[in-house]
Amino acid sequence: MTRSLGLVSLLVVLAVGGYLFTQQTKSNGPTSPAVQQAETQAQQNASATSFDAALPTVQAYYADNGTYAGLTLPPAYEVTVARADATSYCLQSLDGTMHDAGPNGVPQSGPC
């Protein structure tokens, strides 16, 4: 009788522990909304930093050529030139989640 009670108690404890674990992973696990929002924010900050790093090269190109047409950027910037004409350009992150339409643009979500 005591053995049966011990086995039942063990199963109850395991079931309750499993339930509590699954509830916690919903709010703290890798798929929780808070974690996904933090990852998105980190990606946006990294893209904004890449745009900031590329801007001196873009402005130097314009100063040398008087146009943005033909502008290319080295892969080290992790930014591509999606569009460039005589007076404007649009830089895009490699994953396409951010863009910066310039000159004097601000990094924004989405592709060009």
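This report describes the fold, core, surface and selected residues of a predicted model.

The model is predicted, so local features need pLDDT of at least 70, side-chain atom pairs count only at pLDDT 80 or more, and totals for chains, interfaces and linings use all residues. Residues are numbered from 1 along each chain as its sequence is written, and side-chain values use heavy atoms, with hydrogens and water left out.

**Overall form**

The chain has two helices and four strands, in the order α-α-β-β-β-β from the N terminus. Helices (H or I, at least four residues) and strands (E, at least two) are DSSP runs, numbered from the N terminus. Along the principal axes, the C-alpha atoms fill a box of roughly 90 × 20 × 15 Å. The radius of gyration of the chain is 26 Å, whereas a compact globule of 112 residues would have a value near 13 Å. That radius is taken over C-alpha atoms, and the globule rule is 2.2 Å times the number of residues to the power 0.38.

Of the 112 residues in the chain, 21% are buried. Buried means under 20% relative accessible area, exposed over 50%, and partly exposed in between (1.4 Å probe, protein chains only). Among contacts in the chain with a separation of 6 or more, 24% link residues 24 or more positions apart; a contact means heavy atoms within 4.5 Å.

**Core**

The largest nonpolar core has ten residues: F51, A54, V58, Y68, L71, L73, V79, Y89, L91 and M98. Helix α2 (33–65) and strand β2 are the elements that give two or more residues to this core, and α2 provides the largest share, three residues. A nonpolar core is a set of buried Ala, Val, Leu, Ile, Met, Phe, Trp, Tyr and Cys residues joined through side-chain atoms within 4.5 Å.

Not counting residues up to four places away in sequence, L91 touches several residues, including F51, A54, V58, L73, V79 and M98. S50 is found in helix α2. Leaving aside neighbours within four places in sequence, S50 is in contact with Y77, E78 and V79.

**Surface**

The accessible surface of the chain comes to about 7500 Å², and 61% of this belongs to carbon and sulfur atoms. Areas come from the Shrake-Rupley method with a 1.4 Å probe; for residues, only the protein chains shown count as cover. A nonpolar surface patch is formed by V8, V12, V16, Y19 and L20, with about 480 Å² of accessible area together. Patches are made of residues with over 30% relative accessible area and no salt bridge; like charges are joined within 9 Å, and nonpolar side chains (Val, Leu, Ile, Met, Phe, Trp, Tyr) within 5 Å. V16 lies in helix α1 (residues 2–28).

The structure holds one salt bridge, defined as a side-chain nitrogen of Lys or Arg within 4 Å of a carboxyl oxygen of Asp or Glu. This pairs D85 with R83, the closest N and O atoms being 4.0 Å apart.

T87 is found in the loop between β1 (79–84) and β2 (89–93). Not counting residues up to four places away in sequence, T87 touches Y68 and P103. The C-alpha atoms of T87 and P103 are 8.0 Å apart in space, at a sequence distance of 16 residues.

**Accessibility of selected residues**

| Residue | Relative accessible area | Class |
|---|---|---|
| S50 | 14% | buried |
| D85 | 31% | partly exposed |
| R83 | 37% | partly exposed |
| V16 | 43% | partly exposed |
| T87 | 58% | exposed |
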